[in-house]
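Work through these exercises with the model open beside you. Try each task before reading its solution.

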Amino acid sequence: PGVHDVFVEDNGADGQLLVVRLADDEVQRSAALYAMMARLQTSGCLLRSVTQRQQTLENVFVRLTESTI
């Protein structure tokens with residue numbers, strides 16, 4: 001609960017990014033973030049940074065239309 005989508009993006013020379021789309025609800029989003037961080041830690045993933053990315057109109061359009069193409 002609280003996680004809408006998870007995917008990996010190639011970030012060129014910097015490696016790969018794990019992108020997670022979370023719920024708008026603060027309580028669900030918070031719980032999902034804590035659970036995700038704990039799971040990444042127990043699985044031995046190296047965490048370089050955490051960044052919040054805002055949705056753009058273009059990102060939403062691509063996400064909605066690429067499944068219909």
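Two strands count as paired if DSSP finds at least two bridges between them. Keep that cut-off for Exercise 2. The model is predicted.

**Exercise 1. Describe the fold from the N terminus on.**

Step 1: count the elements. The chain has two helices and two strands.

Step 2: From the N terminus on, they run β-β-α-α.

Step 3: Strand E1 covers 3-10 and strand E2 covers 16-22. Helix H1 covers 26-42, and helix H2 covers 57-66.

Step 4: The C-alpha trace spans about 40 × 35 × 20 Å along its principal axes.

**Exercise 2. Decide in which sense E1 and E2 pair, parallel or antiparallel.**

Step 1: check the bridges. E1 and E2 are joined by seven bridges, and the cut-off is at least two.

Step 2: read the sense. The pairing is antiparallel.

Step 3: find one bridge. Phe7 has Val19 in E2 as its bridge partner.

Step 4: look at the turn. Five residues lie between the strands of this hairpin. Gly12 takes a positive phi there, near 65°.

**Exercise 3. Work out what lines the largest pocket.**

Step 1: take its volume. The largest pocket holds about 1500 Å³ of space.

Step 2: find the centre. Of the 37 lining residues, Leu18, Val19, Val20, Thr51 and Arg53 lie nearest to it.

Step 3: assign the elements. E1, E2, H1 and H2 each supply at least two lining residues. E2 gives the largest share, with seven.

Step 4: sort by class. The lining has 17 nonpolar, ten polar and ten charged residues.

**Exercise 4. What percentage of the residues is buried?**

Step 1: set the cut-off. Buried means under 20% relative accessible area.

Step 2: apply it. Of the 69 residues in the chain, 6% are buried.

Step 3: The accessible surface is about 6200 Å², and carbon and sulfur atoms account for 54% of it.

Conventions:
Residues numbered from 1 in each chain as written. Predicted model: local features only at pLDDT ≥ 70, side-chain atom pairs only at ≥ 80, totals over all residues. Heavy atoms only, no water. 1 Å grid on protein atoms, 1.4 Å probe; cavity = no way out; pocket = protein on both sides within 12 Å on 5 of 7 lines; lining within 4 Å. Points joined across faces, edges and corners; volume = space filled by probe spheres on them. Helix = DSSP H or I, 4+ residues; strand = E, 2+ residues; numbered from the N terminus. Nonpolar A, V, L, I, M, F, W, Y, C, P; charged D, E, K, R; others polar. Buried < 20%, exposed > 50% of the residue type's maximum accessible area, 1.4 Å probe, protein only. Areas by Shrake-Rupley, 256 points an atom, 1.4 Å probe, with all protein chains shown as cover.
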